[in-house]
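Visitor: Could you take me through this protein, from its overall build to its sheets and aromatic contacts?

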Amino acid sequence: MAAENLIGGNFDSLAKRILYSYYVTYPVYKPVSIETREVSQREMYEFMKDTLLYIYKNPQIIDVEESMDDAYEDWQMNNAKPELIKAMEKIESKFAGFMEMLIKIGKYGELKAAGLFIPSTIWKVPKAFAQKLPLLGIDYSIEKEGLLLRLEKYPNAFPVWKLSSEYEEESLPQITKVLSFIHGRNLGRKFKATQFFGHLMEDVSTLEKLEQYLEKNGFTYVNSEASSKTRYTFTKWVKNYPKSEFAYMNIYYNWRLRNQMKYEFRLPKFSKVLIFYSDMNTELQEFVFNRLKNCDNCGYCTQTDKTGKRKKLAMNLKCHGMLSNKCPLYPNLKWNSMNETELTRIQELFSFAESC
């Protein structure tokens, strides 16, 4: 899809770093059963891909300044570079605002044989925005009672455009609505990680095996969460257990990070699993030991104790002759990529946790 793979790389500007994320994570084409012809779905898909590419290459269309590129390292919090996160979120907001105007076009437009007609009595398209439409391949003419839009390259796209816009959920955060519109989630589309990120990998087979394993073992996947703002493209595989316990594998592209691709695994009842650390095989012990935080006496695990008598949760674990107090609350089960060895260890650790 993308002209070049810039995962972990540098960009010409901060704006391009952010805007690249929406283009490079645009998923594979996936038709759904809706009340429009398949050709309309296909043409809307292609139009959106063209639009995301144009915005990435030409950030000025959304009125952002092309400031110097920068990013956060994995260990850095937002407050490490407070001005950077403000600049990043401003670009995100400009992008979301621009795309929301495209949603409004579909929402207020009326399907006509000649194109899509937007009555000025319902919504008057801002002149400055209308003048940018030809850059996206949308011709328009000012009629007596409104604006008539035409898509010469994708003349059949408007029915799906309108349908997708009408399914918009008003209560969602702006960027969440926009990503739902871009990916067609409001039409019932769902995407596995391979369908979002497979083209970014030299060998996608490991990711395919990971998702096959998760599906076989009772995980289901989502691309958004109602409880939080969905600002990054992700596929989250989740498995629920009694007493509100759950496990997940979240595979996502985080544009704020220098190494944008992330795999994040959560095990159920992890602190209880560690009680049986000595029962793990050598490879699994090493895998766990190296991903646990050393206790630094932060006090988090005893903060509600008023007596001062509660013991820390840190556990004294041994690996290859090395003894260390490890915190069970913050297992660093995160990766920038996935290989066969890590996949095997994840499968072993998950099976071990379920057997405890």
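The questions and answers below go through a predicted model.

Visitor: What share of the residues of the protein counts as buried?
Guide: In this predicted model, the secondary structure comes to 11 helices and 12 strands, and the C-alpha trace spans about 80 × 45 × 40 Å along its principal axes. The protein exposes about 18,100 Å², of which carbon and sulfur atoms supply 49%. Of the 356 residues, the share that counts as buried is 50%.

Visitor: How much of the contacts with a separation of 6 or more comes from residues 24 or more positions apart?
Guide: A contact here means heavy atoms within 4.5 Å. Among the contacts in the protein with a separation of 6 or more, residues 24 or more positions apart account for 63%.

Visitor: How many residues of helix α1 are buried, and against which elements do they pack?
Guide: Helix α1 covers residues 14–24 and is mostly covered, with 11 of its 11 residues buried. The buried residues include Lys16 and Arg17 as well as Leu14, Ile18 and Leu19. Their packing partners are α2 (38–57), α3, α6 (174–183), α7 (193–197) and β7 (246–253).

Visitor: Which strands stand at the edges of the open sheet of four strands?
Guide: The order in this sheet is β1-β2-β4-β3, with antiparallel pairing. A strand with a single partner has one side left without a neighbour in the sheet, and so the edges are taken by β1 (110–112) and β3 (138–143).

Visitor: Which residue in β2 stands opposite glutamate 110?
Guide: β1 pairs with strand β2 (residues 115–119) in the antiparallel sense, over three bridges. Within β2, the residue that stands opposite glutamate 110 is phenylalanine 117.

Visitor: Which helix packs on this sheet, and what angle does its direction make with that of β4?
Guide: The helix is α5 (residues 158–166), which touches β1, β2, β3 and β4 (146–151). The direction of α5 makes an angle with that of β4 of about 120 degrees.

Visitor: Which strands stand at the edges of the sheet formed by five strands?
Guide: This open sheet has the order β5-β6-β7-β8-β12, and its pairing is antiparallel. Each edge strand has a single partner, so one side of each is left without a neighbour in the sheet, and these strands are β5 and β12 (334–335).

Visitor: Which residues are the bridge partners of glutamate 264?
Guide: Strand β8 (residues 261–266) is paired in the antiparallel sense with β12 over two bridges, and with β7 over six bridges. Five of the six residues of β8 are buried. Glutamate 264 is the bridge partner of asparagine 250, and its partner in β12 is lysine 334.

Visitor: At what angle to β7 does α8 run?
Guide: Helix α8 lies across β6 (233–240), β7 and β8. Relative to β7, α8 runs at about 150 degrees.

Visitor: Why is the pair of phenylalanine 98 and phenylalanine 129 assigned its class?
Guide: A search of the whole structure finds 17 aromatic pairs. In this one, the ring centres of phenylalanine 98 and phenylalanine 129 are 5.3 Å apart and the planes stand at 65 degrees; planes over 60 degrees apart count as edge-to-face, so the pair falls in that class. The pair links distant parts of the chain, with phenylalanine 98 in helix α3 (residues 82–108) and phenylalanine 129 in helix α4 (residues 127–130), 31 residues apart. Both phenylalanine 98 and phenylalanine 129 are buried, and the class asked for is edge-to-face.

Visitor: What class does the pair of phenylalanine 219 and phenylalanine 350 have?
Guide: Phenylalanine 219, in the loop between α8 (205–216) and β5 (220–222), is linked to phenylalanine 350 in helix α11 (residues 340–355), 131 residues apart. Phenylalanine 219 counts as buried at 3% relative accessibility, and phenylalanine 350 counts as buried at 2%. Their ring centres lie 5.2 Å apart and their planes stand at 55 degrees, so the pair is tilted.

Visitor: Over which ring does the charged end of lysine 236 sit?
Guide: In another part of the model, arginine 42 lies over the face of tyrosine 29, at 3.8 Å from the ring centre. The charged end of lysine 236 sits 4.3 Å from the centre of its ring, which belongs to tyrosine 248.

Technical notes. Residues numbered from 1 in each chain as written. Predicted model: local features only at pLDDT ≥ 70, side-chain atom pairs only at ≥ 80, totals over all residues. Heavy atoms only, no water. Phe/Tyr/Trp six-rings, centres within 6.5 Å; stacked < 30°, edge-to-face > 60°. Buried < 20%, exposed > 50% of the residue type's maximum accessible area, 1.4 Å probe, protein only. Lys NZ or Arg CZ within 6 Å of the ring centre and 35° of its normal. Pairing = 2+ DSSP bridges. Axes fitted to C-alpha atoms, helices over the stretch in contact; angles between N-to-C directions. Areas by Shrake-Rupley, 256 points an atom, 1.4 Å probe, with all protein chains shown as cover.
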